[in-house]
Number of protein chains: 2
Amino acid sequence: MTDKEPIALLGLGAMGTALARAWLAAGHPLTVWNRTPGRAEALAGATVAATPAEAVAAAGLVVTCLLDGASVDATLAGADLTGKDLVDLTTGTPADARDRARRVPGRFLDGGIMAVPPMIGSPDAYVFYSGDRDLFDAHRGALGVPAAARYVGTDPGLAALHDVALLSAMDGMFAGVAHAFALIRSARLPAGDVAPLLAEWLTAMVPSVYRTAEQLDRGDYTTGVASSLAMQVAGNATLLRTAAEQGVSDELLRPWADLMARRLAGGHGAEDTTGVVDELLIG
Amino acid sequence: MTDKEPIALLGLGAMGTALARAWLAAGHPLTVWNRTPGRAEALAGATVAATPAEAVAAAGLVVTCLLDGASVDATLAGADLTGKDLVDLTTGTPADARDRARRVPGRFLDGGIMAVPPMIGSPDAYVFYSGDRDLFDAHRGALGVPAAARYVGTDPGLAALHDVALLSAMDGMFAGVAHAFALIRSARLPAGDVAPLLAEWLTAMVPSVYRTAEQLDRGDYTTGVASSLAMQVAGNATLLRTAAEQGVSDELLRPWADLMARRLAGGHGAEDTTGVVDELLIG
């Protein structure tokens, strides 16, 4: 016997399997279901359910970690969720989460996992949660096992919004890094020589997000600007010319340059680059 | 008298003025010239030259920090650079620097400043230098005063290449951050609440550049991949859908998604995202 609460986990992809291992290692009774059964049987210590309905019936806390919203719908179609607490860790949009919250009979919490599967169980992994606060508090112990739990609000869409915001920022950084490495390789230099310079530079630039946030929240983009939008646009021409010279596509760089130029054309040359955020809000 | 070597500095914009102050504070005899003379006269301790030729004649080390390559040409047109060491800190492309190296009569060093003017004199500021190694060694003391000096090679274009590569990566990161803040504002949340999450997340993701560099240098993009290109492309659909739901333009996100999709269509689904770098090299 264990005093750890039972969990039903639906979906054993790479992420689901990592979650399952973490809960099993912590002593939680775990009932699993997966569309293709091989993965479930490979999990020593877990009870394998023959159907999603059987898995759902086995625990008060039901966790889904599937391919997409449609798979969650299909998987839960025959299960009785009455009185169950559903936590959906499937990647989705804010609207997906709000929609699901309206449709489930019991309490609902949406989660956005800020980790790749190998990070699960490490101190760096965490999950954004939003939705029913009582559900979060009731299962906080179990939820905190695979990754730290960060509750961001009662609106069920907020976990996905935070998740997507951070992943979008990361994609931008990766795009910039890809362009930088393309430039370096166009000159036949080892990427490894530049990696420490890139890492150091990007790490040093990250804290600028605090200043940008402050400017956005104050609505003041012009006080104490070190490098104005007008200067940034002028300087950016060198980046685009260098890409052309080196035979590197500027497709990842051009949209930022175009956006800054659009903001500048709107008469905002004395601003910081912060104002481009407003240009992106098309309602 | 001082044992610090004399310097001639042409150009007193925000950056030139910051450099001048650093050299004056360190005791270097400094002769300055600026197109509009007011700025030079405001620099206590500097000798103001009436013409670029007069400034160039005053020191063996001549530093230019002007608007662009054309301004450097125009400024130096009437000056005798024979026997002079020229260091150009004007922002330019690798080809600009190589071209100038071919045209000057004396030794030439190109520099790319990795700092905004207020950072000059702080330990975080540094300058990439490339070109004549003897020039760099002869003036290393003076060059290291306003910012740490990092020599990256005899090819005069390498300083600009490194400079532009790092700035391009930064632009990508800023583009990603702008999109993230647009999402946050679309939900009417304070940007300040999300800034620490963004900063922490991006800082945690920066070290991935080491792995990307290793993959590029080894030419192996498929060993030990935690999240394959195929999974990334699938996951990215959620980022684009979220942008659409929230009324945020996807113009900064779309090119990265398109590039990954192009690489995927080329049959590289099992790779890490590293392979997109090769897609950018259009020769």
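Between chain A and chain B there are 26 residue pairs in polar contact, both residues at pLDDT 80 or more. A polar contact here is a pair of N or O atoms within 3.5 Å; within protein, one must be able to donate a hydrogen and the other to accept it, and residues adjacent in sequence count only if both atoms are side-chain atoms.

This is a predicted model: local features need pLDDT of at least 70, side-chain atom pairs count only at pLDDT 80 or more, and totals for chains, interfaces and linings use all residues. Residues are numbered from 1 along each chain as its sequence is written, chains are lettered from A and ligands numbered from 1 in the order in which they are written, and side-chain values use heavy atoms, with hydrogens and water left out.

Now the interface. In chain A, 91 residues are in contact with 91 residues of chain B, contact meaning heavy atoms within 4.5 Å. The buried area is about 8200 Å², with 74% of it from carbon and sulfur atoms; that is the accessible area (1.4 Å probe) that two parts lose on being put together, summed over both. On the chain A side, W201(A), W256(A) and L280(A) lose the most area to chain B, together 9% of what that side buries.

Next, the salt bridges. The rule, a side-chain nitrogen of Lys or Arg within 4 Å of a carboxyl oxygen of Asp or Glu, finds eight across this interface. Over all chains, the whole structure has 40. Which residue of chain A pairs with R241(B)? The partner is D96(A), with the closest N and O atoms 3.0 Å apart. R241(B) lies in helix 11 (residues 229–246) of chain B and D96(A) in helix 5 of chain A, so the pair joins two chains. Helices are DSSP runs of H or I, at least four residues, numbered from the N terminus. Another salt bridge joins D278(A) and R185(B), where the closest N and O atoms are 3.9 Å apart.

On symmetry: a rotation of 180° with 0.0 Å of shift along its axis superposes chain A on chain B, RMSD 0.0 Å. The two copies are thus related as by a two-fold rotation axis. In chain A, the C-alpha nearest the axis belongs to M173(A), 1.9 Å from it. The superposition is by least squares on the C-alpha atoms of residues with pLDDT of at least 70 in both copies. Of the interface residues of chain A, 100% are also interface residues in chain B, so the copies meet through the same surface.
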